[in-house]
Amino acid sequence: MRLLLTGKNGQVGFELQRALGPLGDVIAVDHAACDLQDHGALRATIRRLKPNVIVNPAAYTAVDEAESEQDRAFAVNAVAPGILGEEAAELGALVVHYSTDYVFGGEDAGYYTEADEPDPQSAYGRSKLAGEIALQASTARHLIFRTSWVVGAHGGNFARTMLRLAAERDELKVVADQFGAPTSASLIADVTALLVRDAIRDPKAFRYGLYHLAAGGETNWHTYACHIIEAARRLNKQIRVAPTAICAISTAEYPARAKRPANSRLDTKKLRATFGLNLPHWQDGVDHVLQQMM
């Protein structure tokens, strides 16, 4: 079994190298070896390697920069997944691809399901939705996982940023009116490996398609930041900011070029019911990541 993994140095890609290893020969490539903007080279790589499974965590993720770099964002996030699907269809391969809560407008109440109508409010969100559509339009067998607020011990993320700022500053201001579930890269990787294994074992019976994959529970960025800093103190990390100096602010007080969803809560019932999975609470995953970071 040959598995092609893109984006090996990203948060999810790093964990996927570990999780996919027992399934077969994992060929893990980075941006230098497989630039998703170079569509001709991407096709050539797939045709040369002839993988049985393509796992694609690589993406353009600079949300604000995407507003002014839309061509680049769409080349990576929208066009490339369609190419992966086309090439996989020729090989009879499975494609696993990752999307985002940013495909939704974020103004609705409750949890978003796979059946809810997407309404992306940013160039990044539009590019990721276009990638979903392009892969679905191919005839390849595919799994698309929408996830949110990814955090891992490897690479940059909100938790790492909070730890750095908390060691440098006397006060932090963190948005408190955006809600979601921090989801560990290791959880995403482990679920991916489990389902890829099942798809390999029984490809005809397997339930392909689009699924929401996020940790259990919910929080906001401010509460999440407080949890990170409190956990860091328990682990004896040097923290400068006082617990009372982590200030909750509104989105309006923290302007950004790209609009963020106020509600990033993803309903994972379909994934859990279809595959009999338990998705641990977000705090469990975050605490594990923080222990690795320390």
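**Reading strands and helices in a predicted model**

Colleague: Which strands pair with β1, and in what sense?

Modeller: Two strands pair if DSSP finds at least two bridges between them. Helices (H or I, at least four residues) and strands (E, at least two) are DSSP runs, numbered from the N terminus. Here β1 (residues 2-5) pairs with β2 (residues 25-28) in the parallel sense, over four bridges; R2, for instance, has D25 as its bridge partner. β1 also pairs in the parallel sense with β3 (residues 53-56), over three bridges, and there L5 faces V55.

Colleague: How do the axes of α2 and α3 cross?

Modeller: Axes are lines fitted to C-alpha atoms, for helices over the stretch in contact, and angles run from 0 to 180 degrees between N-to-C directions. The axes of α2 (residues 39-49) and α3 (residues 70-91) come within 10 Å and cross at roughly 30°. So α2 is roughly parallel to α3 (angles under 35 degrees count as roughly parallel, over 145 as roughly antiparallel, 65 to 115 as roughly perpendicular and the rest as oblique).

Colleague: Which residues make the contact?

Modeller: Contact means heavy atoms within 4.5 Å. Among them are L42 and I46 of α2, and V79 and I83 of α3.

Technical notes. Residues numbered from 1 in each chain as written. Predicted model: local features only at pLDDT ≥ 70, side-chain atom pairs only at ≥ 80, totals over all residues. Heavy atoms only, no water.
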